[in-house]
Amino acid sequence: MFGYGCNNFTWNGTLRELGSSYPAFCTEQRRLRMTATPSSSSGLEVLLTALQNEGDVESTLNILNVLDELLSAGTDRRIHHMISKGGSEALLTALVNAGRSFCPNYTILLPLLHLLAKVGHRDRRIGMKAEEAGAVLLILNLLKHNVKYPKRAAACLWVIQVFASSVSTANLIGENHGLDVIFHLIPQYATKHLHTIKAAINAFGALLCTKANVYSVVSKGYISGLLRLYEDWHIKDTQHNAIAIRHSLLCCLHKVTHCTAGRKALISQGGISLLYQTTQICLLSKGLVSLVEASVQLMRKCLPKTPLPLTSDQSVYSFPLPGMSHDVCYANVAPDENSDESDDEEAEENEEAESRDYDDDLETDLNKLRLRPDPDRPRELLLQYSRLCPELYHDFEELDLISEPERVHHHHQMRKICYSTVLLLATPGGTEGVKNHPPPLQNLALEKETSTERHTPSQSQIKFNAQLKAYDFHSHSSILSTSSNSQPMVREARGHPPSGLRGDEEVNEEEEESHHHTMIDRLLEKHGACIPHHDPKLYHSAAAKTKSIPGFSILAFPDFWGHLPPPGHEPMVARKPNIQRQKVFEDVQRFLNTDDIINQVVFDLEDSSLQCPSDSLRFFSSFECGNLRKAVQIRRYEYDLILNADANSSLHTQWFYFEVSNMVADTPYRFNVINCEKRNSQFNYGMQPVLYSVREALEGRPHWVRTGTEICYFRNHFCPTQGRRTTFYTLTFTITFKHNEDVCYLAYHYPYTYSALKAHLKMLQQSVDPAKLFFRQQILCGSLAGNPCLVVTITACPASRAWKDMQQLRNRPCIVLTGRVHPSESNASWVMKGTLEFLCSSDLVAQSLREAFVFKIIPMLNPDGVINGTTRCDLNSEDLNRQWCKPDPALSPTIYHTKGFLYYLNSIGRTPLVFCDYHGHSRKKNVFLYGCSVKETLWQSGSAVDTVGLKEDPGYRTIPKTLDRIAPAFSFNSCNYLVEKSRSATARVVVWREMGVLRSYTMESTYNGCDQGIYKGLQMGTRELQEMGMKFCHSLLSLTKDMKALYSRRLINHIDLDHNILDHKSHNCFEDDEPPCVEEIEYSTDCPALNGTDLDSDVNSNMASDDEEEDDDDEEHRGGSISQSQQSSMKSCLFPHLIRQASIEALCEKRNTCNGVSITNGQIKS
Ligand SMILES: [Zn+2]
C-alpha cells in the first residue's frame, strides 16, 4: 500500500545525506544511479530523471513517495529548489506518459496529479511548461473521462486551476470547452463531494483570468447560472458547512464582473438585490464575515457608474490666462477611449506620496544628483531683486538719533502710526506686461504710507483702488454678511426684533451697507472676541482688496470674527466597527429602494436663484477659500455635496469650506462629499472635519472644533460627466448641530485665507519695536489675478551704527521659508503663522535667532489658489510645486520670482543656510521633513554607484534630529532625504540642486494628529500647528556652531525650559504611519481571500484516502463539512508543510498581478 506518512523524518542537509535513516531512498538512488544518470548528479536530479523514464509502477510510486516526503517536510524553498532543477517538467512528462495510455493507471496518476498541483502552484511558468509538454488538453481529457469519479475529477481540476495561471493556457482550455465542462460539474446544493465541487468552482474561477474567457462566460449567460447557484447554496446551506463553496462562487462572480457586460448582466439578473438580501441574512451569523465582505465589494463594484449631477466637470471658476486663448486652458482632459472596459485602474496619484515604489523613482544618475545646472535666466535679470534685501541698504539712522529713554517713547509713537513700506502693485497682472518677460518689477512703486490713522485709506490706496477698477477686476464691497439666513440670528444677537416686525426689508444697497457696518460695530462691541493678532476691522479692510475670480463680496464669519484654539485637546475618534459596510449598504439601498429618496438640488454655485424647500439645509460657499459647488438633498437628513474643481481645470477636488444653515438641533445629518479624489484619507484613521458655529462664537466660544461621527472615506460609484476614467471617493460624516437655526461653517481643515495673512502681517508689523526688530513687508510680484505675493524680512536691528555692528548684520546668513503653494494645505499656513509670530516675539530665543540670521519669508506662494478655494493648483491649473525647474514668468510668476530671488541671493554670496517649504500632508500623521541627500538616495535605490569616495556634509540631518527632540508633533522616523525623479521640479529639490542649499526641505504637517509623543492619539489644532512653527525656529539654533559661545548661559537654560518634553519620544517607534484600522478600505475589486482555503490543504485531504468509494463514505461520516474534513486532513497531513501566511499572500499577490495583466492585455503571457 502506498504510504506517505513518516513522522520522524528530519532533513537538514542535501539529499545525499539522507543515508541509512531512509533506506527506501538509498535503494532507489543506488538502483537509479546504475541505470540512468551520471554519478555527479544530485539525488534530486536522479529522482527527477528516473521519474521521466517510464519505469514500473512500484519504482514510480517510490519516487513520488520520496519526492513528496522531501517536499512536505520543509518550507517552500524546497519546492522552489525542485522547480529550479526541472521538477515541474519532470512531473509533466510523467503525467503525459501515464495519462496517454488508453487505460491510465490511477494508482500512479492520482499521486502524480496531487504532487503536480502542489508544485505547479508555486511555479509561475507552469502554464507554459504544461503547454510545451502537451499536458493541457490531456488533463482536460482526463477530466472529461472522470466526471463520475469525484476524487479523480478533483485532482484534474486542481491541476487545471494551476495551469490557468498562464493566460494562453487558460485561453487554450477555454477554447476547448473547458469552461462548459467545468461549469456543469458545479451542482445545486449537495452534501457529498464538496471538495470536488469546490475544486470545480475554483478551476472555473481561475480560468476567468482572461478577457476571452470572461466574455465567453458572460455571453453564454453563466452569470445568471452563478447567481442561482449562489442563491441555492445560500438558502440550503443552513448549517454553514459550505462557506468555502459559497465564497468561491462569489469569487467567480467577482471575476466575471471585471468587464462592463458582466456588471450589466449581474444587475439585469437581479444580482444586486440578491446579494443585498443574502448579505443581510449572512450578517446574522458570526462566521460569515468573508461572505459579507465579498458580497459588499461585489455590490459596490457592480453598482452602475453614475455621472456626477453636473453639466460639466470643468470648474465653475475660469480665468483668462495671459497669452492663451480661452479654449486652451480647458483642453487638459482627453476622453478615455477605453472607458467602458475594466474600471480597476486607479487614477495616478498626485500626492507627495508614500505609497509609491521609491526604488523606481529614485534619481540614480550621479550627474543629475551632483551637477548644478546653469541658471534658467541671464544674470542681469537678477539685479531687480536687490530691493528685496532692504536690510542691506538701510542706514539705521534712527539708531543714532534716539537716546535710550527716548527710544521707548519713540517706539510707542511708532506703534500708533502705520509706517509700513508696503509696495503697492502699480500694474496688476492684467492683460499687459506679463507675456514672455517677467512682470516689470521696476514698475512696482515704493510708497510710504504716512497717514497717522490706521484705517483711513491713504492716497496710494485710493489710487490703487481706482486702478483696480480700471483693470476691471472685481472689487469687494466687503460687507459682513453670512448668507441671508444668518440675518435673523445676527439681529437677535444685537437685541433687535426679527426683521418681519420691523418692515426694513426695502432698504437700498447703500443704506444696507452702512447698516451692516453699524451692525458690525455693535456686534463687536457687544461680543467682540479678544483674539491675539486678529482684528476684525483690519481683516475686513484687507479682504476688500483681495481679488477673486467670482468677485466675492461676502466674508465668511469665522475669518472675519476670528477664532481661538479650543480649550482642550481633541482626541482622534475611534472608528465605528463596520462603518464602511454600513454606509455602503445605505448607498446600495439608494439604488434598490427609491421610496425615501428626495434627490433634489438645494444649492448650486452656478444658480443663485435656486429655490429649495423650506425645511432643507441651506448651503453657501461664495467667499474666500470657499469650495462647494452643489448640494443635493438625498433623504430627509442626508445630503450629497459636490466640490468645485480647481479653477480652469476639471481636476483636484478635496478641499471644502462652506456655510450651512437652517438646521434643526439634535438631529443627525449625514453629509457625503462624493467627488473626492485621493485614494485614502486620514478621515479613515481618526480625523474629523472642523466646524465653526456662529451662535457659539457670539456666545463667547469662537472656536473651530473637530466634529462629526460615522466618518468614513471610501470609493464610490460616481464618475465624471465626460467619461474620463477617474474613480471618486466619498467622504461621509454625520453632524448633529447643537442649535436650531444656527449658521455653521464646515471645512476640511482650519481655513486660513489670503486676507487673513495680509491682516496678520499688518498686526505683526504694528506689534514690533522698530528700533530693535527690522520687519519689512514687500511685494515679491503680482499673482495671475493681481494679488500681491508678499515677502517678509525679519532680522534684528544692529546694536549700533558702528561699522562692526553693521557688518555683523550684513554677514548674517539667510534663512528662506516659503509656504502654502498648495492651497488646500491650510495647516501649512498655521505653522507659518507660528513661525512668524515667534520670530517677531520678545522671546529670548527669537531674539538670538534674529541676531544670528536674516529671515526671508514668503508665506503664501499661491494666493490665487487660496483665495478661490482650489485644492492643488494655481489659476493656470498647474501644480506650482512642479514648476521649479523652469518656471514660466507669465504663468507661474510667484515661483519664477521666488527662484529669481534665490538666484540673486546666490549671486551676492548669500546662499541661504536653510530653505524650507511648508506643506500639509493628507495621509500621514505627525510632522516631518523631506530633505535631499545624494548618498541616501543612492543607497536606497540599490544603485551600483560606489558611494565610498563620495563626500557629503551630513548637516542636512541636524534640524530634523533637533526637531525630533524638541517638537512634540515631529517624527524623525517619518523623514527621508531621497531625491525622486518625480519630485525633480519641486522647490526642495531645485533649491538643493540649483542653489546648492544643503538644508533644503519640505515640511509636511498632518491634517490629522500624532501617533507618537505627548500628542499621541490627539488631533492637531491651530495651537499645535503654531507651536510646530515655533519649534522649527528653535531648531535653527542648532545651526549656530558656537552656540554656547555665542549665546549666554541664560539662553541655553531658556531653551531647556522645554525639558519636560525633551524626552517625550519613544525613539524606537517604527510604527506604521497609518496603522491598519479595524477594517481597511477595500479598494480591490477582486474577491477578498478566504483564509485556510489553500490549495494544499484541499489536495492533502484528497489524499487522506486513495479510493473513490471510501471517500464517499468518509465524507458522509464527516457530515460533508469542508471545514471539518480540512481539519482532519491537517492532522493526518501527508504533506505537512503549512505554508506561512506571508508566502500565501506573496503568492496570491503574484497571481493577482498576473491576472491583472492578462485582463488588460490578453496577449501578455505570464
Ligand atoms: Zn503640498
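**View 1. The annotated glutamate, E1004.** In UniProt, an unreviewed entry lists E1004 under "active site". Keep in mind that what you're looking at is a predicted model. Here, E1004 sits in strand β23. Is E1004 buried or exposed? Its relative accessibility is 0%, and buried means under 20%, so E1004 counts as buried.

**View 2. The whole sheet.** Step back and you'll find 7 strands making an open sheet with mixed pairing. Follow them across in the order β17-β18-β20-β19-β21-β23-β22. From one strand to the next, the twist averages 20°.

**View 3. A helix on the sheet.** Helix α34 (residues 826–839) packs on the sheet. Which strands does α34 touch? They are β17, β18 (788–796), β19, β20 (854–858), β21 and β23 (999–1006). The direction of α34 makes about 140° with that of β21.

**View 4. Two parallel neighbours.** Strands β19 (residues 814–819) and β21 (residues 914–921) run parallel, joined by 5 bridges. To get your bearings, look for V816, which stands opposite F915 in β21.

View 5. Now for β22, which pairs with β23 in the antiparallel sense over 4 bridges. V927 stands opposite S1005 in β23. Side chains in a regular strand alternate between the two faces of the sheet. In β22, V927 and L929 point one way, while F928 and Y930 point the other way.

Terms used. Residues numbered from 1 in each chain as written. Predicted model: local features only at pLDDT ≥ 70, side-chain atom pairs only at ≥ 80, totals over all residues. Heavy atoms only, no water. Pairing = 2+ DSSP bridges. Axes fitted to C-alpha atoms, helices over the stretch in contact; angles between N-to-C directions. Contact = heavy atoms within 4.5 Å. UniProt positions renumbered as here; feature names shortened; annotations may be inferred. Buried < 20%, exposed > 50% of the residue type's maximum accessible area, 1.4 Å probe, protein only.
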